[in-house]
Amino acid sequence: MRKMWKKSVPVLCLMLILGAFAFPVSAADTKVTGGGSRGTAETIKTDTSYYTTIKSSQTYSIFKFKTSSIRSYYLVSVSNRSVSQPISVYLRGTDKKDAGAVSNNKNIVKTNGCLFEADTKPLKTNSWYYIIIKNSNRGAGQVGFHILSAADPEGALMREAKSLKVGKNYYGTNDFVLDNDYFKFVPEATGKYRVVVKNLDNTDWIRGSLVNGSNTKLGGNSHIEKGQYMSVTTNLKKGVAYFIHVNNQNDSYNHYNYKIFIQKK
């Protein structure tokens, strides 16, 4: 289900989803007041746009949110809308460790921002996380932020791969832009197997491939058009784990439905 900054969501696409960093407060934004410590952090929700006003006397403005009990993808956008001095922003769990992948989250000047992508470094389910805005330079002004979330039940990494059984259909979805989905199956007998990934979407193309435990491609199709499928027939060994990788490289649409079928020949 994923990719990190190596295959990170294009900045242009993110701005279309979340709005440019310099956008002013809109009627849809919710005003909040952050706490000065973790213990007084204000609780916020995902998929809601917020803004807070930082005072020059504040060192910290802290907010917290709880992740879903269902494995999900999160993208946290924070923008310095008008704070006169550079600010720094951190996304951390209750263990006080940094979470997600981020670039340029320190010394954020006015009209700039940062993005925390919890994809290849997913956030834990049913857990609390903190957005920490640090105002060391004692500026004053507004900061906007938004937490985008999308349910992501399929495994985004090989180690998180969803297990499938030979002879049964599975229907899945690439849930967001540049999503990666991994599935695992272990043959009960050595022999020839056929692996099929069909693009059920009526909008765009996906990629499908069969790989081994070293992520070496055994076959597949890098461009499965809508309504089409990839089919790989090859000899596989009993008791060895094999993986099916489904992903997309599109930034115009973020839900791609597909079907997987594994057949013993």
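How exposed is arginine 92, buried or exposed or partly exposed? Arginine 92 is partly exposed, with a relative accessible area of 24%, on a scale where buried means under 20% relative accessible area, exposed over 50%, and partly exposed in between, computed with a 1.4 Å probe on protein chains only. This is a predicted model, in which local features need pLDDT of at least 70 and side-chain atom pairs count only at pLDDT 80 or more, while totals for chains, interfaces and linings use all residues. Residues are numbered from 1 along each chain as its sequence is written, and side-chain values use heavy atoms, with hydrogens and water left out.

Arginine 92 forms a salt bridge with aspartate 98, the closest N and O atoms being 2.7 Å apart; a salt bridge here is a side-chain nitrogen of Lys or Arg within 4 Å of a carboxyl oxygen of Asp or Glu.

A search of the whole structure finds 2 salt bridges. Aspartate 29 and arginine 81 also form a salt bridge, with 3.1 Å between the closest N and O atoms. This pair links distant parts of the chain, 52 residues apart, since aspartate 29 lies in the loop between helix H1 (11-18) and strand S1 (30-31), and arginine 81 in the loop between strand S5 (72-80) and S6. Helices (H or I, at least four residues) and strands (E, at least two) are DSSP runs, numbered from the N terminus. Aspartate 29 counts as buried because its relative accessible area is 13%, and arginine 81 is likewise buried, at 16% relative accessibility.

Strand S6 (residues 88-93) includes serine 88, which is buried, with a relative accessible area of 11%. The side chain of serine 88 reaches the backbone nitrogen of asparagine 107 at 3.2 Å. Counting contact as heavy atoms within 4.5 Å, and leaving aside residues up to four places away in sequence, serine 88 touches Asn105, Lys106, Asn107, Ile132, Ile133 and Lys134.

Strand S12 (residues 169-174) pairs with strand S19 (residues 256-264) in the antiparallel sense over 6 bridges, where two strands pair if DSSP finds at least two bridges between them. Within this pairing, glycine 172 stands opposite tyrosine 258 in S19. Strand S14 (residues 191-199) also runs antiparallel to S19, joined to it by 7 bridges, and valine 195 has isoleucine 262 in S19 as its bridge partner.

Conventions. Polar contact = N/O pair within 3.5 Å; in protein donor to acceptor, adjacent residues only side chain to side chain.
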